[in-house]
Amino acid sequence: MTRSTLVVVPVYGDLESLLRCADGLLEHLDADRHRALFVNDCGPDADTIERALLERIGDRPGFRYERNESNLGFVGTCNRAVTELDTGAEGTGAEAVLLLNSDAVPTAGFLDAMLAVLDEERTGVVTARSDNATIASIPYRLTNRGAARTEARTRQVWGEIAPLLPVSQVMPVAMGFCFLTRRELITEHGLFDEAFAPGYGEENDYCLRIAAHGWLAKIANRALVLHAGGKSFSGNRNALRAAHQRELERRYPFLPDAVAAYQRHGMTATERFADVLVPAGPAARLAVDLRHAPDADGLVREIDAAFGDGFALEARLPSGTSAPAAWTVTTDDPDPDDLVTATILVDPTPADLVLANRRAAHWVIVRTEPTTGPWSSAAHRAGADRVAELARPFAEQVTADELESAREVVENSMLAGPSGNAAALERRWAAILPLDLAAAEAGSTASSGEVTRLRRELDDLRASRSFRTGQAIAKVASRLPGRR
């Protein structure tokens, strides 16, 4: 089934982005099956924008322009568009509604890909991949966190990665910049809650309201819609976002945990490592974890000799360990979401593998002692033999004098291209995920236990005689002359 679709574009300022959006729809929207409705929300330069937009869309079939009598905000404009201007009455209206920001740029095939996902069982909302859409962005994590996210890079990475991803994935909520839903759900449950006017958070509330009735939010991995972000909205964005986020969490206390869980184990390894699978830049990043190395200085020299030419090296060293000045010593606890192409682990523990699984596409494990030994051995007590067994299918395991051969293996793996490496990453991701989930659960339980302990101590304090005495004294003191 291919649903006819009404594309609603609320218009507010930023003429340049609006015209790019209009051009994308003119080029990629099949006006024989779908139609577009631009609604001017009387923002800055409303008259100038009106003239330019009408000149651009002209009398093209399927393209319509309307103007609010006064500014309604994003939420109000979307609600008016789908409940007053185009009600989708049976036999005359569209079966689906796509709410599209005016700073979004559709690409070829985007709507067909999104509609295919919307037709999947119990799918209520669909969003697209983008260059600027938080958890829907591709690449999602970067090997260089300071790098600029560009449309060209997103097109390149998405073009190679999208065929390797599933057609769709279930998300906690969909992204509002490109938001496709079923008309019958709007009829039954309404669209956006005015409590989130003029904007921010309204799409999350809609997703979670219909989720209570069994409808899913999904991402269409074969759809790409570029997004400038924040260019068609005025006012104090940060304050508004914060206030609306508080309201969302009041209504749906589970939301932050749901988003964190999706980031931890809802994503595929392929999308997580997309920036590594489609490499850019002059040198691959190599992280080195030397915390367990008995002779860190000597091992640094071995690694430098084997990998120094052609890899951008970084080292994480034990406290008090010196290293050649050429090496950059990072923080003792680097961001596990800061991606690297490869990592060298020295006698790793299971916890080290969990971190490496989230951070590095390729592993090299250096063994400084046998994987089995007496219980007096720290490595044996840490489960080194079990780690070796678990990591064997996914890592080149060598001694320090075999690092040259390890480099050759890593380079050959890198040459396998996105397809071969993605398959290997997915196998590793599935194997290590139980450890990752167990670590997350243990951390959550420990955190919960600490909160419980602190609350119990606070309750005990409030029940104590000294606390009650102090409160009584404070009340009396507040009534003394000269006190305010």
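Start with the lining of the second largest pocket: by class it has 14 nonpolar, eight polar and four charged residues (Ala, Val, Leu, Ile, Met, Phe, Trp, Tyr, Cys and Pro count as nonpolar, Asp, Glu, Lys and Arg as charged, the others, Gly among them, as polar). You're looking at a predicted model, where local features need pLDDT of at least 70, side-chain atom pairs count only at pLDDT 80 or more, and totals for chains, interfaces and linings use all residues. Residues are numbered from 1 along each chain as its sequence is written, and side-chain values use heavy atoms, with hydrogens and water left out.

Now select T143, D275, P279, A280 and G281, the closest to the pocket's centre among its 26 lining residues. A pocket here is an open set of points on a 1 Å grid where a 1.4 Å probe fits, with protein on both sides within 12 Å along at least five of seven lines; lining residues have an atom within 4 Å of a point.

Colour α11 (274-277), β10 (284-289), β13 (360-366) and α17 (417-463) next: each supplies at least two residues of that lining. Helices (H or I, at least four residues) and strands (E, at least two) are DSSP runs, numbered from the N terminus.

Follow β10 into an open sheet of five strands, ordered β11-β10-β12-β13-β14 with parallel pairing; strands pair if DSSP finds at least two bridges between them. At the edges sit β11 (311-316) and β14 (395-398), each pairing on one side only. Zoom in on V288, whose bridge partner in β12 is I344.

Last stop: C21 and C178. Each is buried, C21 with a relative accessible area of 0% and C178 also at 0% (buried means under 20%, with a 1.4 Å probe and protein chains only).

Methods: Buried means under 20% relative accessible area, exposed over 50%, partly exposed in between (1.4 Å probe, protein chains only).
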